[in-house]
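Here's a quick walk through one model, written for someone who likes to know the cut-offs behind each word. Have a look at it first.

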Amino acid sequence: MTQQTTLAPTITLPNGVAMPLLGLGTWPMNDQEAAHTVADAIGLGYRLIDTAENYGNETGVGEGIRRSGVPRDQLFLTTKFNRQWHSVAGAREACEASLKRLGLDYIDLLLIHWPNPDQDRYVDAFHGLAKLLEAGLVRAIGTSNFKPQHLQRLFDAGLVPHHNQIQLDPYHRRDDLLAIHKERGISTGAWRPLGCGNAMLADPVITSIAEAHGRTAAQIVLRWIVQQGVVTTPKSANPIRLAQNLALFDFTLSDAEVAALDTLDRPDPTMLDADTFGH
Ligand code: A2P
């Protein structure tokens, strides 16, 4: 008997590649936890998996992909590399090392994890990504945690990422970046979509909308993100929450509900700053 799974819709990256709107984040899973959670998630219908060199779990993620039994071409794998690889040759080395750990022969989306402006080599790293795209080792290329000024340096060099993955949730709306992404055709990814420590999930604006829909607060936050066409990859190792986080595509937030969620943005002095933080 074949089990019916509901898949998330996809967006189209600027180079025509389809990327699922909703996927699994894998930080902070170790290899063992990643292997079984990735296999479980794919079984539930997840087709996008997000990892990074820095998470130290690419081996487990690759194992989970193989255990799932779903053909590679039906899955979308994102990974990211660290600051030591910020050069043309370094990007290639980082890519080859990730492929080896993952046990795969291509990556769907490879990102520069943090700009690390102190070493000022992210433009070179992006030139390296462009070469990997030409070589067919990756299907799409992008950045993570790039602020407007970092993106501008790429634009000035004639480079435009397909995707920029940033911290984004109702408490961190990131309107400045979303406007630039829209103008340049860059797709957006949202990391830490459920907010640090989950205090946001108790916000009365969010819980009252959740109650009205008979959904959880997490589903309302995730729906607010994907309804904007923003890709997101919540992490959960819990099978019930894994299923819940994918069940976003059979309800819609009204304009008034979106407007109410849009008012929640606020300054966050603890937010990681890509001008000073990076690895
Ligand atoms: P768990 O793995 O036990 O489910 P983020 O991706 O925003 O960083 O969120 C990850 C955190 O949110 C993890 O602690 C995860 O815990 C928790 N989480 C994931 N999904 C849900 C959910 N649907 N409701 C509440 N908490 C969740």
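Which elements do the buried residues of helix 1 pack against? They pack against strand 3 (24-25), strand 4 (48-50), helix 2 (58-68) and helix 9 (239-246). Contact here means heavy atoms within 4.5 Å, and buried means under 20% relative accessible area, with exposed over 50% and partly exposed in between (1.4 Å probe, protein chains only). Helices (H or I, at least four residues) and strands (E, at least two) are DSSP runs, numbered from the N terminus.

Before going further, some housekeeping. This is a predicted model, where local features need pLDDT of at least 70 and side-chain atom pairs count only at pLDDT 80 or more, while totals for chains, interfaces and linings use all residues. Residues are numbered from 1 along each chain as its sequence is written, and side-chain values use heavy atoms, leaving out hydrogens and water.

Back to helix 1, residues 31-44. Its 14 residues reach 20 Å from first C-alpha to last, close to the 20 Å expected at 1.5 Å a residue (the expected span is 1.5 Å times one less than the number of residues). The buried ones are Ala34, Ala35, Thr37, Val38, Ala39, Ala41 and Ile42. At the start of helix 1, a side-chain oxygen of Asn30 comes to within 3.2 Å of the backbone nitrogen of Gln32. Just after the helix, Gly45 takes a positive phi of about 120 degrees.

Strand 6 (residues 107-112) and strand 7 (residues 138-144) pair in the parallel sense over 5 bridges. Ile107 stands opposite Val138, and Leu111 has Gly142 as its bridge partner. Strand 7 is mostly covered, with 6 of its 7 residues buried.

Finally, the ligand. It is surrounded by 15 residues, the closest being Leu194, Ser236, Arg241, Gln244 and Asn245; near means a heavy atom within 4 Å. The table lists polar contacts, which are pairs of N or O atoms within 3.5 Å.

| Side chain | Ligand atom | Distance |
|---|---|---|
| Lys235 | oxygen | 2.8 Å |
| Arg241 | oxygen | 2.5 Å |
| Asn245 | nitrogen | 2.8 Å |

Taken alone, the ligand exposes 570 Å², and the protein buries 75% of that (Shrake-Rupley areas, 1.4 Å probe).

Conventions: A polar contact is a pair of N or O atoms within 3.5 Å; within protein, one must be able to donate a hydrogen and the other to accept it, and residues adjacent in sequence count only if both atoms are side-chain atoms. Two strands pair if DSSP finds at least two bridges between them.
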